[in-house]
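Good morning, and thank you for joining. I would like to take you through one structure, beginning with the contact between its chains and then turning to the fold and some local details.

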There are 2 protein chains.
Amino acid sequence: MTAPHPLTPLLAPSSVAIFGASNDPTRISGRSLRYFREAGYQGALYPINPTRDTVQGLRAYPDLAAVPGRVDFGLIAVPANLAVEAMEACVQKGVRGVVMFTAGFAEIGAEGRALQEKITQIARDSGIRLCGPNCLGLFNMRIGHTPTFSSFLEEGPTPSGPLGMVTQSGAFGTHLLALSARRGIQVGVWMSTGNEADVAVADGISFLADDPDTKAIACYVEAIQDGKLFAEAVARARTNGKPVILMKVGGSTIGAAAAASHTASLAGSDAVYDAALRQLGVERAKTPEDLVEIAYACTRGRLPSSRRLAVVTMSGGAGVLMADAAEEEGLELTPLAEDSQKEVLSWVPFAAPRNPVDVTAQALNDPTILDKGFDLLLGKENFPAMVGFFTTWASSPQMAEPLFKAVASAAARYPDRYFALSAIASPEMQRRYEEAGVGLFEDPWRAVQSIAAATRCAERLATPPLPNPPVPENLPPLPRGRIAEHEAKRILAGAGIPVLDEVLATNAGEAQDAAAKLGERLVLKIVSPDIPHKTEMGGVMLNVPATEVSAAYGRLVARVKERAPRAKIDGVLISPMVSGGVEMILGVQNDAVFGPVVMLGLGGIFVEVLRDVTFRIAPFGLEEAHRMIGELRGAAMLQGARGQPPCDVEALAEALSKLSIFVAAQRGQFTSIDVNPLLVRPNGQGAAALDALILTPEAAPGDDEVAP
Amino acid sequence: MTAPHPLTPLLAPSSVAIFGASNDPTRISGRSLRYFREAGYQGALYPINPTRDTVQGLRAYPDLAAVPGRVDFGLIAVPANLAVEAMEACVQKGVRGVVMFTAGFAEIGAEGRALQEKITQIARDSGIRLCGPNCLGLFNMRIGHTPTFSSFLEEGPTPSGPLGMVTQSGAFGTHLLALSARRGIQVGVWMSTGNEADVAVADGISFLADDPDTKAIACYVEAIQDGKLFAEAVARARTNGKPVILMKVGGSTIGAAAAASHTASLAGSDAVYDAALRQLGVERAKTPEDLVEIAYACTRGRLPSSRRLAVVTMSGGAGVLMADAAEEEGLELTPLAEDSQKEVLSWVPFAAPRNPVDVTAQALNDPTILDKGFDLLLGKENFPAMVGFFTTWASSPQMAEPLFKAVASAAARYPDRYFALSAIASPEMQRRYEEAGVGLFEDPWRAVQSIAAATRCAERLATPPLPNPPVPENLPPLPRGRIAEHEAKRILAGAGIPVLDEVLATNAGEAQDAAAKLGERLVLKIVSPDIPHKTEMGGVMLNVPATEVSAAYGRLVARVKERAPRAKIDGVLISPMVSGGVEMILGVQNDAVFGPVVMLGLGGIFVEVLRDVTFRIAPFGLEEAHRMIGELRGAAMLQGARGQPPCDVEALAEALSKLSIFVAAQRGQFTSIDVNPLLVRPNGQGAAALDALILTPEAAPGDDEVAP
């Protein structure tokens, strides 16, 4: 046996004390006690109420200290000004888990925030795991543990089931519970985290990852507090074979205020969330409906083992529609073998036998067509997943039973296949299908969409997460302030980012000496801490013949001095002139949630006009870098679009991964890093950072402007 | 009184004959008769059955001729081999409308197609409007006219209601009926069009456009037969104030086979459908759920009069979510005035008062907050539309009645406002809200999305469709075959497409003479019917000084002759060298449904890598051309992105509109037209077609390759 999960005292305690438990079962603290009793909680239940001997028929105690035995868990619903006292009583009594309904903390301003910090500190010091404050509590129907006043349990306990749910908003979480119940999904464990003074969504995911009866985890999130904790929790769920489906709201309120660097302004926190969730293998749901439907698809007792999908339909139109949906969702309607198609036609002469298989209304006359069809598709054709469109047949007097019999027996004959129907059935018939392991969707498009989501979840669970590359320790500290081109490239080269050979010359003679070694055609760039916009100041010369470098040096310095007489000039950077390839922009920002985040975009219009960029949490390896590149709308530019040779994508991936490792190692030491452009040269010729800029927290405002 | 709609005998006849009417009410032809009687059809009903005196208690007739009075309508469900005979009997009797269930026509191959053409011809010759064959029929519940065997009426007649529905697939149409009924939408008139031998979806839309009791029209389409008829029908609906919501499937089966020209290969029929539906003001629904939800939002008795939306919520999370949805859907959550915000805070100190207005759970304690809130938003703040998130309050013992009272009375106080709730209610409560004119959505995202669709519909109804520009008649016919650059530009210039001054020189002397008039820097291009790829053959010289044109002429011709010794050379085209501006691609294809369709894309990577193109049915005016330009993802390039001056978008719009008028006039005379590129120069400098190619049906294969 492994050790119990650290959240066990919170979510599965053996004994519960309820502070301020009311005898009135309609009041908040009274309601929770009533729920406990209705749900059949088997542990010890201790109402704390100094004014009564009994509460709702249970013996009451004047305070926690008066409770005779051990108390694992405390429910605190007292006013905010009494919350600290209640927490301290819990510490004294050795309570390990607390749910605090009480409002009036961080959500009301500075005073409340201070009070919240106090109770957080008590929790941290004592090791109590605290859920809330300002939350609707939680329930674990597996043991009837119901420290919540959510109206969802108002009409009696909900049956326990395979879905776990963690939600930041209690009110919206209650809505999701209601939607799930109406959809026929049973939620076994539910937790609303409120202000997250201690326990966060990640903790709930982590607990559910270990809970043997939880098959999938649905989350509603407004903001993740700690990206690392969250990543660990979803990794745990993945290891334990449980899909995590998450809805994150707030994408429209783009955090422009925090967007200091160019990279950040392109990001918007939602784009980073989106990339991070993808990278972590979380299925992101866009709407509550999506969340509920995907959760439904993921809790049917099996998951599709590949993207091959068989579609059976009694309506040609529905077949076309499901083919559209499958293509959009990336599922493959592989056509049946020739002889299988002939077999279908031997049953139904006017069938469409390819896939979708349209058996027409003929099965009304001969339901054995269904049995034969299911055997053909799941047996001979070996499809891992099948969806059938049977509209109102599932509720028609004539077909309801024959259809159910055919479907249920096929589901039993092929227990490892994913079988869903698009059909309209009575609630009772719906339950019968679900008990047979077959999910029902009224909308055929929704059916395919949800199967696709379940397939993605299954794919993630079947492949271990990509290992994060090791991050070196004890890298030399970065210089402070604005680290411009020459120095920035030197540092990045040390981290494995490819750069060109280049020399900083401080006089014409040095320039000429350097030129001879660097190539026939050269680029000269002024190096000055006072000139961020080199080109505008005439500080760049392109395509200079090596023989003319000495003269060019003089002209360049003179030109810059004329335009910027007071600028301190450190010298001139001499590098080979390269051409050919595609210019990329790499950037790094420090995301408040996920830490260093690497951005990739194609140079020019792709970033500036189309905002075609993608993100990854650092560090990551080559495979993740390749996925990142593939997400760009303009990725075809790297494959050799418009008559150009294909680019060295491998070198780009390597530069990305190396940059991600470097920024993970330097976490906290910089505010932004731009490699702009990174020239990705034709295949086999590698890549090179042509310019770079690193800013540390000491950089002055305006230092983030990159030379064009 | 206007004349009755031509489909009246089909959809609202006074007398009905049913061929082969069965006494068995479960058989197909018997079922329809039963539906008629259950629905209380008040007209004359004549079962035709030579073997019985009575059918289902009605007097039967041995054949149609034996029926004593007039017969408006015939229902034909006899086998295919008897269908012609039945049609002929209808002609003899003066029947004006026929529904034909019978299968075995075009859907089974050549033989069936021939038979179908026969009955189509009979219908055309006699003026009978024929629905089907191979259809599930139709119903008009306003008069109990039910010539259908759809299982939807199996459990009794459906109540009549504000939605009209036209669907090509009867089986899928039945599914949509079932989904609509479950959603609480009543469909008054439903028609499935099957093989569309005569009556098509457009005819159904046209009838419903005139039907006074129809408030919105929902359609399911696999392929539109006649784009012009369809456009007229939706225009009629628009004129009569009725939104048309349409789902078109088959987007994944891109008609690559028919795609001959470059333009067509970029189009894919679905992109053309999408553009055409937008242009015609049809609300396209992507999925059956979308169709049903938008239809629900559009049949609440009112439509939102602008995009300003007020959001009231008792959950902060739901507020954020609805704000996300509103931004995505283009609705505006304008913030409340300062004093209004203060007022909200005076009721609920911790409210979010801006918009979304989060009144928190405080309204549980004081429901008058709802009355005050609704008055503030609909009265003082004058929002045309409001959505409230009240989760399970609508079904909670404590809040259900107070909430309903507050909502229903606000809906009554502000009868011109659009008011929707996101809430979970019992079916009875749901009906009560709907009777009060308030729609209920369980999912708050879906609520906002559907309100947005209703808003778009209302916007279209409030603005008359853009007038189509007049199309000239008697344009000179096009030359036949491949019409290359010089000639093509001449023709297009005649149609008002701007081109540069240019001269076709056939010797060096002519070239030199021309040069003097054209400018200082010139472009020379070889003109040869045998050289489609001018650049590859060395047939283009750029930036030639005017003084050197004579010599350049010789060099150019010599170079081309060396590379293509057998090419016939017509001369050299001399034109001014222009630079600056953005290159666009304009193309025209003949769409099988919509006729000439104009494509617009930005040159270079936008078309080639990003496939960033948009379409319009020809002809169209300037405003539509501007909308078209605005749809390009890269439209910002024309506004002066990346330090370039803004381009002459007006000139581009004019060129587009002129091209659309030209191709509408030349409909049928060409197979494709490409203007590639059209250089759109900086503001005030106009645009110019730099190259062009027109192909007529006589062009040889391979002629469509455009010179790079």
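Let me begin with the interface. Between chain A and chain B an area of about 4600 Å² is buried, and carbon and sulfur atoms give 62% of that area. Please keep in mind that this is a predicted model. To the contact, chain A brings 54 residues, and chain B brings 54 residues.

How are the two chains related?

In general, side chains of opposite charge can pair when their charged atoms come close. Across the interface of chain A and chain B, 6 salt bridges are found. One of the salt bridges in the model joins the side chains of E328(A) and K286(B), at 2.4 Å from N to O. With both residues at pLDDT 80 or more, 17 residue pairs are in polar contact between chain A and chain B.

Next, the fold, for which I use chain B. Here 5 strands form an open sheet, in the order β2-β1-β5-β6-β7 (chain B), with parallel pairing. At its edges are β2 (44–48) and β7 (129–131) of chain B, each of which pairs on one side only. From one strand to the next, the twist averages 15 degrees.

Within this sheet, consider one pair of strands. Strand β5 of chain B, residues 73–76, pairs with strand β6 of chain B, residues 97–100, in the parallel sense over 4 bridges. On β6(B), F73(B) has G97(B) as its bridge partner. Helix α2 of chain B, residues 28–38, packs on the sheet and touches β1 (15–19), β2 and β5 of chain B. The direction of this helix makes about 155 degrees with that of β1(B).

Returning to charged pairs, the count over all chains comes to 84 salt bridges. Among them is the pair of D203(A) and R129(A), whose closest N and O atoms are 3.3 Å apart. Because D203(A) lies in helix α6 (residues 201–210) of chain A and R129(A) in strand β7 of chain A, this pair ties together parts that are 74 residues apart in sequence.

Finally, some backbone details. The peptide bond from A618(A) to P619(A) is cis, with omega near -5 degrees, and P619(A) lies in the loop between β26 (613–617) and α21 (622–630) of chain A. In chain B, the peptide bond from N355(B) to P356(B) is cis, with omega near 5 degrees. The loop that holds P356(B) runs between α11 (338–347) and β15 (357–358) of chain B. N134(A), although not a glycine, has a positive phi of about 60 degrees, and N134(A) is found in the loop between β7 (129–131) and β8 (138–140) of chain A.

Thank you for your attention.

Key. Residues are numbered from 1 along each chain as its sequence is written. Chains are lettered from A and ligands numbered from 1 in the order in which they are written. This is a predicted model: local features need pLDDT of at least 70, side-chain atom pairs count only at pLDDT 80 or more; totals for chains, interfaces and linings use all residues. Side-chain values use heavy atoms; hydrogens and water are left out. Two strands pair if DSSP finds at least two bridges between them. Helices (H or I, at least four residues) and strands (E, at least two) are DSSP runs, numbered from the N terminus. Axes are lines fitted to C-alpha atoms, for helices over the stretch in contact, and angles run from 0 to 180 degrees between N-to-C directions. Contact means heavy atoms within 4.5 Å. Buried area is the accessible area (1.4 Å probe) that two parts lose on being put together, summed over both. A salt bridge is a side-chain nitrogen of Lys or Arg within 4 Å of a carboxyl oxygen of Asp or Glu. A polar contact is a pair of N or O atoms within 3.5 Å; within protein, one must be able to donate a hydrogen and the other to accept it, and residues adjacent in sequence count only if both atoms are side-chain atoms.
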